[in-house]
Amino acid sequence: PLLGHDYFYFMPRLLVGKWHVLAQGIAPLRWAPQLCGGFPVYGNPHDVFYSLPQALSLFLDLWTAVQLSVLAALVAGYIGWYRFGKRVLHLWSPWAHVLALVILSNGYTFMHMMAGHLSFSTLPLMGWFLLLMFGEREKNLRQWIMSSAVFALLTATILHSGGHMVLLLIAIDPWLRRLPYA
């Protein structure tokens, strides 16, 4: 009763993923006969098979793996939002810390985690996207290639963590700002 309702959706999938890795290796999990008598897994937007909680669940219990992955996303997100405040918004260091703290502690991410929406655990990483998109304009070719590679890796990390809604929120925000009523 103290756990969010959607953890009962994700925890069995993490257990099936753990079983699959131990029995079959890291080959894609396409079908899980353990879920509802058979459930297609690969291609499901909520598939968390290639994610940090899944990797941690191989060595830790599920609840600890989920908590550590959320903590890792919050720490990485804090660093991303701080760097965004310093480099793009040109804030003083204390104000960049305030920006990162306010964005990460506004309750949106925590309410999703309380409800068990594990797919929203990568939402704090949005600051890194903004930093990569609106950061330094004057880059040489090597810096552009590195930025593109980090952007692609970040997108793949979020997508394979079940964060299709996080990517939608990131993509729709700049688009909405161009509308005349926004």
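How many residues does helix 4 have, and what length should they span at 1.5 Å a residue? Let's start there. Helix 4 runs over residues 93-104, so it has twelve residues and should span 16 Å, and its end C-alpha atoms are 17 Å apart, which agrees. The expected span here is 1.5 Å times one less than the number of residues.

Before we go on, a word on what we're looking at. This is a predicted model, where local features need pLDDT of at least 70 and side-chain atom pairs count only at pLDDT 80 or more, while totals for chains, interfaces and linings use all residues. Residues are numbered from 1 along each chain as its sequence is written, and side-chain values use heavy atoms, with hydrogens and water left out.

Okay, the overall picture. The chain has eight helices and two strands. When I say helix I mean a DSSP run of H or I with at least four residues, a strand is a run of E with at least two, and both are numbered from the N terminus. Going along the sequence, the pattern reads α-β-β-α-α-α-α-α-α-α. The chain has 182 residues, and 39% of them count as buried. Buried means under 20% relative accessible area, exposed means over 50%, and partly exposed is in between, using a 1.4 Å probe and protein chains only. Now contacts, meaning heavy atoms within 4.5 Å. Take the contacts with a separation of 6 or more: 58% of them are between residues 24 or more positions apart.

Back to helix 4. Which of its residues are buried? They are A96, A100 and L104. These residues cover an arc of only 60° around the axis, so they sit on the same side of helix 4. That arc is taken from the directions from the helix axis to the C-beta atoms. If you're wondering about the spacing, an α-helix has 3.6 residues a turn, so residues three or four places apart point the same way. The buried residues of helix 4 pack against helix 3 and helix 5. Turned away from that buried side is a face with the exposed residues P94, W95, L101 and V102. Take P94: its relative accessible area is 55%, so P94 counts as exposed. P94 is twelve residues from Y82 in sequence, and their C-alpha atoms are 9.5 Å apart in space.

Next, helix 5, residues 108-115. Its buried residues are T109, H112, M113 and A115. Down the axis of helix 5, these fall within an arc of 165°, so they line one face of the helix. They pack against helix 1, which is 7-24, and helix 3. On the other side of helix 5, M111 and M114 are exposed. Just after helix 5 comes G116, with a positive phi of about 95°.

Keep going and you reach S119, in the loop between helix 5 and helix 6. Is S119 buried or exposed? Its relative accessible area is 4%, so S119 is buried. Leaving aside neighbours within four places in sequence, S119 is in contact with F10, H46, S161, G162, G163 and V166.

Now for a helix pair. Helix 3 (residues 62-87) and helix 6 (residues 126-134) pack at an angle of about 30°, with their axes 7 Å apart. The axes are lines fitted to C-alpha atoms over the stretch in contact, and angles run from 0 to 180 degrees between N-to-C directions. From helix 3, the residues that meet helix 6 include W81, F84 and R87, and on the helix 6 side they include M126, W128 and L131. The residues of this contact divide into eight nonpolar, three polar and two charged.

Two last residues. L169 is in helix 8, residues 164-177, and at 30% relative accessibility L169 is partly exposed. Not counting residues up to four places away in sequence, L169 touches Y108, F120, L123 and M126. L169 and L123 are 46 residues apart in sequence, but 8.9 Å apart in space, C-alpha to C-alpha.

H160 is in helix 7, residues 141-160. H160 is partly exposed too, with a relative accessible area of 34%.

Note on methods:
Ala, Val, Leu, Ile, Met, Phe, Trp, Tyr, Cys and Pro count as nonpolar, Asp, Glu, Lys and Arg as charged, and the others, Gly among them, as polar.
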